[in-house]
Amino acid sequence: MSESLNYYVTAYYRFTKLADLPAIQKALEDKAEELNVKGLVILGDEGYNSTCAASSIESFEAWKTFIREYFNSPDQFFKDSESTKSPFRRFKVKVRNEIVTTGIPGVMPPEGVNHHLSPTEWNKVMKEETDYVMIDTRNWYEYKIGTFKGALNPNIEKFTEFPQYIEAQGIPKDKKMLIFCTGGIRCEKGILELQDKGYNNVFQLDGGILNYMKEYPNDQFEGECFVFDHRVAVDQNLQPTTKFGLCPHCGQPSTIKIECKRCDAHELICEDCIKVEYAKDTCSKNCAYQLEKHPARKGQKQLVPFEIEKMKAEGKDTGSIPQIRVTRTKYISLNKNGEAETRSTKETAE
Ligand SMILES: [Zn+2]
Ligand SMILES: [Zn+2]
């Protein structure tokens, strides 16, 4: 009988004034090393935003206790899940102006509650009311793989575009509006922006989709929820997706199987990159580049992430075979108008 690895994963954030970020960074890094915790923490003057994972339950609980004590937040809300797949390779702290990129730094949500609906209250509105509008505040590629029944898709590429979208819709200022995101943090800022523009009847889903699905799997949310780590997405039971890979060219969820023309590796490509020359026939940015330069030359076989996972699960050694790493930081992709462009993104916890 083979023993499969299990990872305990938690997502958490808090808006709170922080000073001496380098010292905080050092303390987090030291503790993560001591406990063998992996993950990403976005740190800013306005607070912290993080997803972390550990393979032992003791380390996992010790990390959460540390976060509560270190940041003096005994009521810190953690959204926990488990994963058979390692969500992170390393532990990283990134210091940023904003702990979630909204393009509106300096706007800090107040401590406490601002029109939050619990998953139960959210369900009640969805099942008993009709006079409201629900809007998915996430990016278009997140919406694409799963969303709430009847939610509008702003079709945005980044959260910065969200307030303009709302204004362009001509939604009456007193209309009941329900907004949600992955773990709740984008809405914390989004709601302030909307309230500032005079929308006075906006509600946000407390803890986001992750919190909702924990309480109500297979209910009003349909499909899977995109996450910002190696799991790619989680299903209704918060387990890593078995449907989607991570497109090696653009970092979006991918489902189309290809065999690389250059190195014969098998990979999953997204439905956008499958329309892009060279990307559509290759397993990696490197192979796409080489195929364009030297179309006739074959390359050495490489392993793509899902093959590595599979071989590890089968107890095979992957050490000597070159491995491809997928990053979301720079990629070529089609935008929503169908034009290919090079883009770069920041690593984010949501
Ligand atoms: Zn792609
Ligand atoms: Zn290849």
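## Exercises on rings and a zinc site

Cysteine 270 is buried, as its relative accessible area is 1%. Keep this residue in mind, for we return to it in the first exercise. The model you are looking at is predicted.

**Exercise 1.** Find which atoms coordinate the zinc ion (ligand 1), and work out what the arrangement is.

*Solution.* Start with the donors: the zinc ion (ligand 1) is held by the SG atoms of Cys247, Cys250, Cys270 and Cys273, at 2.3 Å. Next, look at the angles. Four donors count as tetrahedral if all angles lie between 85 and 135 degrees. Around the zinc ion (ligand 1), the 4 donor atoms subtend angles of 103 to 116°, so the arrangement is tetrahedral. For comparison, the ideal angle for four tetrahedral donors is 109.5 degrees.

Now read along the chain, where the donors of the zinc ion (ligand 1) show the spacing C-x2-C-x19-C-x2-C. Cysteine 247 sits in the loop between strand E14 (245–246) and strand E15 (253–254), while cysteine 270 sits in the loop between strand E17 (266–269) and helix H8 (285–293); the pair therefore ties together parts that are 23 residues apart in sequence. Finally, cysteine 247 is buried, at 0% relative accessibility, and cysteine 270 is buried at 1%.

**Exercise 2.** Classify the ring pair of tryptophan 63 and phenylalanine 66: what is the angle between the planes, and where do the two residues lie?

*Solution.* The ring centres are 5.6 Å apart, and pairing asks for centres within 6.5 Å. The planes meet at 40°, so the pair is tilted. Both residues belong to helix H2 (residues 57–70); they are 3 residues apart there, which means about one helical turn separates them. Tryptophan 63 is buried at 1% relative accessible area, and phenylalanine 66 is buried at 14%. Both also belong to one aromatic cluster, whose members include Tyr12, Tyr48 and Phe91.

**Exercise 3.** Which ring face does lysine 173 lie over?

*Solution.* Lysine 173 lies over the face of tyrosine 199, at 4.8 Å from the ring centre. Another example is lysine 79, which lies over the face of phenylalanine 77 at 5.5 Å from the ring centre.

Note on methods:
Residues numbered from 1 in each chain as written. Chains lettered and ligands numbered in written order. Predicted model: local features only at pLDDT ≥ 70, side-chain atom pairs only at ≥ 80, totals over all residues. Heavy atoms only, no water. Phe/Tyr/Trp six-rings, centres within 6.5 Å; stacked < 30°, edge-to-face > 60°. Helix = DSSP H or I, 4+ residues; strand = E, 2+ residues; numbered from the N terminus. Buried < 20%, exposed > 50% of the residue type's maximum accessible area, 1.4 Å probe, protein only. Lys NZ or Arg CZ within 6 Å of the ring centre and 35° of its normal. Donors = N, O, S within 2.8 Å, 3.2 Å for Na, K, Ca; no water. Tetrahedral: all angles 85-135°; square planar, octahedral: opposite > 155°, others 65-115°.
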